[in-house]
Amino acid sequence: MTTGRADDSSGAMPDYKEGIKKEVAEIKFLIHDLRVEAFFNDILHYHVTLNTDLEIYNIEQARVLHGADVQELKSKLGALRRAFQDYSNAVKSFSPDRTVLILGQRYVNIIHEACHLILSPLWGRSDPVLSFLPEEARSVRSRRHYRNCISWLYGVHLRIAAFREESNNPDLREEIDIADEIRNFTQDVVRGYVVEKSEARVELLLERMDSAVVVGRRPRFRRMYFNLVMNAVDAMRGRKAGAVHVSTVVEGDRVALHMRDDGVGMSAEKIEQLLAERHTLDGDLHSLGFVFVRQTVAEFGGELSMESVIDQGTTITLRLPYLKGKIVRPDPSYWSKYRLPEKYRNLPMEADTERVPPVRATMSSAAAAAPAPRQKAPAGGDKDEERTYGGLLFEAYQKSKAQFPGCIFAMAVSEADRVEMFTHKPYERDFNISHEDLSPAYYQATYRGRIEEDEQKAAVVILKPPQSASEYFDFKEVPETERGLERYTCMVRDEGIRIACKLIATGLNPKISVLLSDASRFFPSVQEMHGTTPFPLELMARQRLSKDQT
């Protein structure tokens with residue numbers, strides 16, 4: 001294990017405390033954080049697809065009007081690309097600070113204008129137009145991804161506005177409940193980024209969240225938190241499954257923000273490099289995120305530490321001073337300045353989810369007690385009611401018409417070994433479906449999974465435990481007085497075993513490879529299930545239930 005610690009209460013870097021150097025550093029930090037290019041490209045691609053669908057289905061008047069909107073967007077994004085190229089060239093060629101600042105500000109202004117254009121209810125006309133198209137149209141089927149992009153760009157729009165306000169009032173400080181702030185910002189912006197950036201491979205899990213009031217600039221705190229999440233997601237690039245664990249824990253006179261990932265890990269030299277003070281950012285475009293994190297932690301009067309194990313992951317801890325006994329409630333302006341409107345927070349919208357409703361399936365007594373590897377099935381039962389869940393999943397995977405075939409599913413099995421919920425769908429050629437589409441009412445409360453091909457073209461199951469403890473307890477109808485972290489861990493572990501048994505008993509090959517997200521939490525003693533090496537499904541099915549261990 002490699003560890004490192006930075007304890008710096010001096011504020012910003014020595015030569016960036018004020019003046020033009022500080023202004024250049026701040027605009028660089030902001031541009032590095034925004035990460036808008038891919039989202040803008042996806043927005044444009046969606047609208048081009050929509051215009052093509054309007055032509056295919058002969059909706060001519062709408063196509064003409066929408067075509068004019070698309071041309072306006074293309075023009076704006078062309079200006080955006082040119083502005084970024086000018087800014088990038090200026091940075092890499094070590095142009096004078098004033099030139100870099102002006103070009104950086106121009107690029108940010110065009111981003112803000114593009115967001116304003118896309119978010120305008122008078123532009124795009126996509127929702128009214130979609131009502132004329134059939135459900136099989138590509139633009140209708142990809143609307144969830146489009147709306148996630150819209151939500152993300154609304155967050156970008158708010159962050160640029162907050163940056164401008166912060167620049168005009170650099171000494172403004174707020175009292176911030178760290179737990180509430182992380183919950184709100186994660187719901188509004190960060191979780192959508194994680195889903196889209198990782199193609200729904202990575203879970204963002206908010207665990208223990210102690211309330212504690214810290215003092216500082218709210219926009220900087222949010223950007224610092226977002227940088228840490230971005231780094232964690234980047235560390236799991238290319239992996240089939242992973243998780244980012246976030247918690248806030250009061251420890252004496254400090255509140256500790258812990259962020260742990262299941263990524264590639266870092267060497268001691270890399271940690272030392274990240275924690276070392278930088279004396280210049282001239283010529284640098286990319287390695288800016290952690291510099292900003294270090295500076296912001298220092299501004300909040302805190303300490304920063306890192307622990308990492310190669311190929312197992314990294315834990316970053318921020319310890320910040322807090323106001324003991326203090327409780328804050330946001331004033332009304334908080335909602336307009338820092339939170340997304342309701343229509344952008346609750347995606348996908350109802351119109352998207354009605355096409356793939358969740359299925360709650362109750363089996364017969366015979367099917368519900370189908371034999372696990374160590375059990376014997378009772379006789380009797382109505383065979384017409386049985387469902388070969390494992391067989392259905394593998395058949396959907398085999399029939400997938402996508403370039404990279406696969407099947408997505410969600411499943412819940414009760415303590416009585418009865419299937420409470422089951423829904424699945426194969427990957428389709430032009431439709432990137434997520435668990436939010438598949439089971440919108442339960443996607444955080446049930447086990448979710450995918451069957452895909454690995455590098456050797458063999459099938460592999462990627463299995464993810466429930467994402468929300470509170471929604472899981474609600475789904476299982478556990479009384480409030482009986483809820484707790486230990487109960488949650490035990491129940492989720494046992495349900496994973498029952499699901500593995502059920503899939504095997506209903507047609508899935510017991511030797512099919514499995515990757516289980518957050519396996520070390522739910523199966524800490526079974527090392528074969530940890531990490532990035534797949535294990536056979538039968539290994540999970542062979543584990544003993546909690547009631548059998550006493």
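Predicted model: local features only at pLDDT ≥ 70, side-chain atom pairs only at ≥ 80, totals over all residues.

The protein has 21 helices and 14 strands. Now the contacts with a separation of 6 or more. Residues 24 or more positions apart make up 74% of those.

On to one helix, H7, residues 143-168. Is H7 mostly covered or mostly open? Mostly covered: 20 of its 26 residues are buried. Next, its length. At 1.5 Å a residue, 26 residues should span 38 Å. The end C-alpha atoms of H7 are 38 Å apart, so the two values agree.

Now its partner. Two packed helices are described by the angle between their axes and the distance between the axes. Here the partner is H2, residues 37-56. H2 and H7 pack at about 140°, and their axes are 10 Å apart. Antiparallel would need an angle over 145 degrees. H2 and H7 are therefore oblique to each other. Their crossing is left-handed.

Which residues make the contact? From H2: Phe39, Phe40, Asp42, Ile43, Tyr46 and His47. From H7: Arg143, His145, Tyr146, Cys149, Ile150, Trp152 and Leu153. By class, this contact has nine nonpolar residues, two polar and two charged.

One point on the spacing in those lists. An α-helix has 3.6 residues a turn, so residues three or four places apart point the same way. Keep that in mind when you look at Phe39, Ile43 and Tyr46 on H2. Do likewise for Tyr146, Cys149 and Leu153 on H7.

That's the pair. Questions, please.

Technical notes
Residues numbered from 1 in each chain as written. Heavy atoms only, no water. Axes fitted to C-alpha atoms, helices over the stretch in contact; angles between N-to-C directions. Helix = DSSP H or I, 4+ residues; strand = E, 2+ residues; numbered from the N terminus. Parallel < 35°, antiparallel > 145°, perpendicular 65-115°, else oblique. Left-handed = near helix turned anticlockwise from the far one by under 90°. Contact = heavy atoms within 4.5 Å. Nonpolar A, V, L, I, M, F, W, Y, C, P; charged D, E, K, R; others polar. Expected span 1.5 Å × (residues − 1). Buried < 20%, exposed > 50% of the residue type's maximum accessible area, 1.4 Å probe, protein only.
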